[in-house]
Amino acid sequence: MNARLTVITALLGSLIVVLSQVVTAYSLEDQFGVDMANVTLFDKHGPMTAILAVIAGLAVVFLIVAAANAASESRPVALVTGIVVGGMGLAVVLVFLFVDLPDIGDTGLYNAPGAGNLDATGTAAAGLWLELVGGMVLLLAGAALATLKPDQLATIGPARNRSPESD
């Protein structure tokens with residue numbers, strides 16, 4: 001059962017990263033703390049981290065298919081999948097640290113409709129933290145996937161051709 005939870009966790013990590021792209025990541029506030037605009041991560045850097053999450057999710061789906069077809073030979077696939085998922089998680093965390101995080105608390109000019117250029121400060125919102133959490137989940141799930149043994153991999157796929165004791 002632990003292998004199934006690891007796979008589900010990796011897929012949820014991918015979903016969290018994709019979701020973080022459309023949830024507000026920054027609120028631009030004026031000097032009085034009033035929200036002037038909201039910015040999503042998709043607005044900031046496009047679908048970059050969503051693509052990383054989709055690659056990780058596809059790698060996990062490939063592992064599920066490989067484990068269902070030949071569990072005894074899927075150990076190398078689990079290792080490679082773990083490396084891919086962990087690598088994608090690390091890439092998401094690095095994007096968070098070096099691209100997104102520096103904008104928290106940064107003040108600059110924002111062209112407000114009808115008011116012209118105003119000073120705005122970026123404050124963190126849920127989307128930014130979802131990106132970090134999703135990246136960390138992918139990183140840790142990748143490490144867990146890389147350590148799965150053949151008997152654990154046999155429990156990942158559909159329940160056909162398995163005895164009830166293996167769950």
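A residue is termed buried at under 20% relative accessible area, exposed at over 50%, and partly exposed in between (1.4 Å probe, protein chains only). On this basis, 38% of the 167 residues of the protein chain count as buried. The structure is a predicted model, in which local features need pLDDT of at least 70 and side-chain atom pairs count only at pLDDT 80 or more, while totals for chains, interfaces and linings use all residues. Residues are numbered from 1 along each chain as its sequence is written, and side-chain values use heavy atoms, with hydrogens and water left out.

Helices (H or I, at least four residues) and strands (E, at least two) were taken as DSSP runs and numbered from the N terminus. The protein chain contains six helices and four strands, in the order α-β-β-α-α-α-β-β-α-α from the N terminus on. Among contacts (heavy atoms within 4.5 Å) with a separation of 6 or more, 72% involve residues 24 or more positions apart. The accessible area, from the Shrake-Rupley method with a 1.4 Å probe, is about 8700 Å² for the protein chain, and carbon and sulfur atoms supply 68% of it.

Rings of Phe, Tyr and Trp (its six-membered ring) were paired if their centres lie within 6.5 Å, with planes under 30 degrees apart counted as stacked, over 60 as edge-to-face and the rest as tilted. This rule gives one aromatic pair. The ring centres of Phe 96 and Trp 129 are 5.8 Å apart and the planes lie at 55 degrees, so the pair is tilted. Phe 96 belongs to helix H4 (residues 75-100) and Trp 129 to helix H5 (residues 126-146); the pair, 33 residues apart, thus links distant parts of the chain. Phe 96 counts as buried because its relative accessibility is 3%, whereas Trp 129, at 42%, counts as partly exposed.
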